[in-house]
Amino acid sequence: MPQHASRIALVTGGASGIGRRIAEKLALEDRATVCIVDRDATTAGDAAASIRRSGGKAAYFVVDLASATATQAMLVELTDQYGSPDIVVNSAGMAATVPALEYPLAHWQLTMAVNVTAPMLIIQHALNGMKARGWGRVINIASISGVRAGTGRLGYGTSKAALIALTRQFAIESAEWGVTVNAVAPGPVDTPLIRSMHGGGTADLYGAMVPMGRYGAIDEIAHAAQFLASQGASYITGHTLAVDGGFLASGLLVRDLFDKPDAQAPGPVVAAHAH
Ligand SMILES: NC(=O)c1ccc[n+]([C@@H]2O[C@H](COP(=O)([O-])OP(=O)(O)OC[C@H]3O[C@@H](n4cnc5c(N)ncnc54)[C@H](O)[C@@H]3O)[C@@H](O)[C@H]2O)c1
């Protein structure tokens, strides 16, 4: 029996990139009924149709998550049509690379609205049903930028740090209801969003700074979200799972240190108990 056969999954940003792959996995592998929530009607329609062609159940709702009013109206409509979601994945996100001193207020507010306020409203709404049913899974797609600062990431990084804090807040207040709330912090993944951000040598820098030496694949991020949505992940809550090729674990990273013949000889030994 597929593990989410009778469950409703709401996936924001499910029209593209990471969110789309998560929607596909939940619908086609775990047999959830997936509601894709996105502002792009064409790609959202394509994603839902493609899932249905492959034998899954999927619908889509078009909304600009920057608007709290429109987000709340979408939640009412979705719940009326499909029921209250058992699984929520907040993957829609926006970003810009701007010097901190020049960051425009309007873009800051927009980033917070999409990356923080919309997930807050969606989780708040869904938790009522999850509490009543005694089961629920929430997965927020954060970022390594919410844990480490990056040049130009004032709005994006701060919003993702807030999303990680929001994850913990909801997690502890819903922990007794059979609900888990977790985040995934992806490293760099080749998607339309990241193509718009990673100019100016950023891709080469990530190649050097990620211990695995490569970008992640969409599937690798989606797999982590699918795991956190699974029955087996029932004792994990309030956690942020880095899926980043080792980026957050890394400090000094010298790739060729042991390739140099003289580097392999033992260096001077400093006695631990020198007198
Ligand atoms: N790609 C990466 O390297 C990377 C790294 C870390 C975190 N992330 C996070 O992963 C998530 C998914 O990103 P992606 O790379 O798959 O991007 P993507 O651009 O492929 O997909 C984002 C989706 O969100 C939708 N969206 C954006 N703003 C919206 C709004 N206001 N209302 C409704 N829908 C909106 C877009 O239409 C799009 O379908 C984002 O939250 C992003 O911050 C991505």
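Mentor: A definition comes first: a residue is buried if 20 or more other C-beta atoms lie within 10 Å of its own, exposed if 12 or fewer, and partly exposed in between, with C-beta atoms placed from the backbone. Strands (E, at least two residues) and helices (H or I, at least four) are DSSP runs, numbered from the N terminus.

Trainee: What should I know about the source and the numbering?

Mentor: This is a predicted model, in which local features need pLDDT of at least 70 and side-chain atom pairs count only at pLDDT 80 or more, while totals for chains, interfaces and linings use all residues. Residues are numbered from 1 along each chain as its sequence is written.

Trainee: Is strand E1 enclosed or open?

Mentor: Strand E1 (residues 8-12) is largely enclosed by the rest of the structure, because five of its five residues are buried.

Trainee: Which residues point which way from E1?

Mentor: Ile 8, Leu 10 and Thr 12 point one way, Ala 9 and Val 11 point the other way, and all are buried. In a regular strand the side chains alternate between the two faces of the sheet.

Trainee: In what sense do E1 and E2 pair?

Mentor: E1 pairs with strand E2 (residues 33-38) in the parallel sense, over five bridges; DSSP must find at least two bridges for strands to count as paired. Val 34 in E2 is the bridge partner of Ala 9.

Trainee: Changing topic, where is Arg 31?

Mentor: Arg 31 lies in the loop between H1 and E2. Its phi is near 65 degrees, a positive value in a residue other than glycine. Most residues other than glycine have a negative phi.

Trainee: Why does Arg 31 count as partly exposed?

Mentor: Arg 31 counts as partly exposed because it has 18 C-beta neighbours inside 10 Å.

Trainee: And the helices: at what angle do H3 and H4 pack?

Mentor: Helix H3 (residues 68-82) and helix H4 (residues 105-133) pack at an angle of about 30 degrees, with their axes 10 Å apart. Axes are lines fitted to C-alpha atoms, for helices over the stretch in contact, and angles run from 0 to 180 degrees between N-to-C directions. H3 and H4 are therefore roughly parallel to each other; angles under 35 degrees count as roughly parallel, over 145 as roughly antiparallel, 65 to 115 as roughly perpendicular and the rest as oblique.

Trainee: How do H1 and H8 lie, then?

Mentor: The axes of helix H1 (residues 17-29) and helix H8 (residues 218-229) come within 9 Å and cross at roughly 50 degrees. H1 and H8 are therefore oblique to each other.
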